[in-house]
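Q: I am new to reading protein models. Could you take me through one, feature by feature?

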Amino acid sequence: MSIDAAAATTLPAEARAGTALRSVTRRIDWRPWTAFAALLALWFAAHHFGWVPAKYLPSPLAVVQRLIREVTAGTLLDDLHETLRRNLSGLVIGVAAGLALGALLGASSLVGRIVGPTVLAQRQTALFAWVPLLAMWFGGGDTGKITFIAVAAFQPVVIGTWRGISLVPATYRELSHVLLLSRWNYMRLVALPHALPMIFTGLHGALIYAWLATVGSELFLNISPGLGGRLNEGSQLFEIDLLFLVILLFGLIGLGFNTLAERAEGLLIRWNNR
Amino acid sequence: MSLAETLDKPAFDQSARAGTATASAARRRAGRRGPAGPTPLGSVLLGLSFPFALLVAWWWAARLGLVPEQILPAPATIYETLSSLIADGSLTTHLEVSTHRVLVGFGLGALFGLVFGAAAGLSPTVRAFLYPPVQAVARVNVLAWMPLLTLFMGIDEPLKYVVIGWSAAIPIILGTARGIENVSPAFRELGRVLHFNTRDTLRLVVLPGAVPSIFAGLREGLANAWQTLVLAELFASFEGLGYLMTWGRQLFQLDLVIIAMIVVALAGLAMDLGLRWVERRAQPWKRGTRDVH
């Protein structure tokens with residue numbers, strides 16, 4: 001750094017700007033972006049030269065135009081709102097239930113040994129195998145969808161919380177015995193802070209799975225307002241630009257949730273290490 | 001879809017630490033109480049007691065007519081449906097179709113994942129250019145792509161192989177690349193000191209070091225393959241376990257739905273156990289160290 005500073009003071013202004021630019025380009029790794037750029041170029045080319053019939057592949061510009069049209073008409077925002085509302089309702093229910101059961105499993109080793117294996121075995125069941133059963137119990141409407149999302153969010157949170165609390169080192173537990181901490185205070189002051197990183201990993205999983213379940217519930221259960229409904233509309237009416245737009249949105253929202261969770265986890269870990 | 005990975009990874013580090021802690025605790029307890037601590041058999045029985053209690057509660061509720069048949073059919077009904085499904089061979093057919101799909105899809109995904117993952121692990125250039133796009137794709141679930149793929153490929157077998165293979169390949173790519181990348185530099189240096197040629201370096205240094213991570217990826221890939229199989233069969237199919245569920249739902253026959261769920265869970269469990277067995281065989285040195293310990 002000191003060498004850079006020395007160079008900056010001795011060099012003329014233009015050269016300094018040059019090195020600054022070069023250091024910026026060096027800092028941003030351009031190489032990963034080539035694949036994305038190539039993909040976009042391929043999309044443009046495939047559309048432009050008609051490699052894929054236009055029926056199946058809209059031009060990227062058509063998708064952008066559709067986005068603008070949908071947003072100005074307000075339809076897309078309504079659907080987005082519906083979908084996110086369902087997602088968050090299910091997420092909150094599932095996470096709350098998962099935290100409660102996970103804490104119980106972790107706090108009492110007897111409960112953990114009796115109920116735990118069943119919880120672990122249940123994790124082996126493919127998530128989407130729940131769809132038909134829940135649809136019959138709760139109907140294919142909003143209740144069924146939110147229940148399915150809650151089930152999806154529940155699984156990782158239970159396991160994260162349970163593991164986090166049961167892995168508190170025995171010495172900590174002994175220390176809290178010596179300090180005569182009540183069970184509640186032990187949970188609040190020792191177990192929970194120690195388990196926080198793993199609970200957070202569980203929450204991260206819940207966020208991802210709840211989103212997956214939201215997309216799935218809108219595709220497999222009754223058609224209703226929401227992004228999934230628009231997707232069905234796009235594929236049935238063969239409005240290919242709408243279809244592409246919704247798929248891109250699904251992907252981007254999932255990516256956004258994931259990035260958000262990773263950032264939050266990073267912050268938490270830094271806070272924890274301090 | 002790399003949830004299991006994110007869940008297991010920290011657990012792995014911590015359980016290693018906690019493992020020593022509980023081991024010492026167990027030793028202390030054993031010293032106090034003699035060898036009759038919590039036996040593995042006791043744990044198994046305790047673990048089985050809960051599902052057994054549920055089953056008994058279910059049976060009683062059905063007997064007393066507490067829940068209507070449409071909400072929860074009696075265990076006896078399920079048993080009857082199950083035996084008739086087995087007797088006319090339809091359950092076997094569905095299971096075979098589903099297993100075939102998983103195996104073909106997983107095989108393709110594993111092949112691609114291992115090759116691409118190895119390339120990314122061995123060559124920093126490949127990693128720099130292609131790894132971030134793969135990670136971006138990995139974060140977008142295969143479900144979101146399914147309607148698009150349907151347009152291009154129809155809804156027949158190729159679609160199923162591709163989505164199953166895709167979902168399986170992603171953790172395998174990440175596991176393989178990470179495993180190769182993280183082989184200890186000390187071992188590589190030792191290889192150089194011993195004048196290993198490239199083939200020997202790969203065979204004796206890189207591969208053994210990367211095997212645990214590769215198998216973690218394979219196991220998660222197989223779990224993903226099962227998940228996606230059910231998805232694909234719910235989405236569009238005319239046979240297979242996922243179809244059995246959809247069919248049961250349409251007929252309002254909950255017994256079919258429950259049977260299909262149980263079979264899916266058991267088959268997934270069996271495949272995971274099988275892969276664990278292969279994993280143990282592939283790492284004979286691990287068994288050795290455990291015995292010494």
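A: What follows is a set of questions and answers on this predicted model.

Q: What percentage of the residues of each chain count as buried?
A: Burial is judged by counting neighbours, and a residue with 20 or more other C-beta atoms within 10 Å of its own is buried. Of the 274 residues of chain A, 36% count as buried. For chain B, with 293 residues, the figure is 33%.

Q: What do contacts say about how each chain folds back on itself?
A: One looks at how far apart in sequence the partners are. In chain A, among contacts between residues at least 6 apart in sequence, 74% join residues at least 24 apart. In chain B, among contacts between residues at least 6 apart, 74% likewise join residues at least 24 apart.

Q: How do I read the packing of two helices?
A: Two packed helices are described by the angle between their axes and the distance between the axes. Take helix α5 (residues 75-107) and helix α11 (residues 227-236) of chain A: they pack at an angle of about 125 degrees, with their axes 7 Å apart. That angle makes α5(A) oblique to α11(A).

Q: Which residues of α5(A) and α11(A) meet?
A: From α5(A) come A:D79, A:L80 and A:T83, and they meet A:L227, A:G229 and A:R230 in α11(A). By class, this contact of α5(A) with α11(A) has 2 nonpolar, 2 polar and 2 charged residues.

Q: Which residues are buried in helix α7 of chain A, and what covers them?
A: Helix α7 of chain A spans residues 130-138, and A:W130, A:V131, A:P132, A:L134 and A:A135 are buried in it. What covers the buried residues of α7(A) includes α8 (142-166) and α10 (183-220) of chain A, together with α9, α10 and α11 of chain B. Just after α7(A), A:G139 takes a positive phi of about 80 degrees.

Q: Which residues touch the most other members of the largest nonpolar core?
A: The core has 112 residues, and A:A153, A:A210 and B:A260 touch the most other members. The largest share of this core, 17 residues, comes from α9(B). Leaving aside neighbours within four places in sequence, A:A153 is in contact with A:G90, A:L91, A:G94, A:V95, A:G98, A:A206, A:Y209 and A:A210.

Q: How many residues of chain B are in contact with chain A?
A: An interface is read from both sides. Here 50 residues of chain B are in contact with 53 residues of chain A. Several helices of chain B each supply at least two residues of the side that touches chain A, among them α2 (40-63), α5 (124-139) and α9 (198-235). The largest share of that side, 10 residues, comes from α1(B). The residues of the side of chain B that touches chain A divide into 37 nonpolar, 11 polar and 2 charged.

Q: What does UniProt list for these chains?
A: A record can be set beside the coordinates. An unreviewed UniProt entry places "domain: ABC transmembrane type-1" at residues 80-261 of chain A. Over that span chain A is 86% helix and 0% strand, and the end C-alpha atoms are 20 Å apart. For chain B, UniProt lists the feature "domain: ABC transmembrane type-1" at residues 91-275, also in an unreviewed entry. There the chain is 89% helix and 0% strand, with the end C-alpha atoms 24 Å apart.

Q: Which residues of chain A does UniProt list for "transmembrane region"?
A: The unreviewed entry lists several stretches of chain A, including 88-112 and 242-261. Residues 88-112 of chain A are 96% helix and 0% strand, with the end C-alpha atoms 29 Å apart. Residues 242-261 of chain A are 100% helix and 0% strand, and their end C-alpha atoms lie 29 Å apart.

Terms used. Residues are numbered from 1 along each chain as its sequence is written. Chains are lettered from A and ligands numbered from 1 in the order in which they are written. This is a predicted model: local features need pLDDT of at least 70, side-chain atom pairs count only at pLDDT 80 or more; totals for chains, interfaces and linings use all residues. Two residues are in contact if their C-beta atoms, placed from the backbone, lie within 7 Å. Helices (H or I, at least four residues) and strands (E, at least two) are DSSP runs, numbered from the N terminus. Ala, Val, Leu, Ile, Met, Phe, Trp, Tyr, Cys and Pro count as nonpolar, Asp, Glu, Lys and Arg as charged, and the others, Gly among them, as polar. A nonpolar core is a set of buried Ala, Val, Leu, Ile, Met, Phe, Trp, Tyr and Cys residues joined through C-beta atoms within 7 Å. A residue is buried if 20 or more other C-beta atoms lie within 10 Å of its own, exposed if 12 or fewer, and partly exposed in between; C-beta atoms are placed from the backbone. UniProt positions are given in the numbering used here, feature names are shortened, and annotations may be inferred rather than shown by experiment. Axes are lines fitted to C-alpha atoms, for helices over the stretch in contact, and angles run from 0 to 180 degrees between N-to-C directions. Angles under 35 degrees count as roughly parallel, over 145 as roughly antiparallel, 65 to 115 as roughly perpendicular and the rest as oblique.
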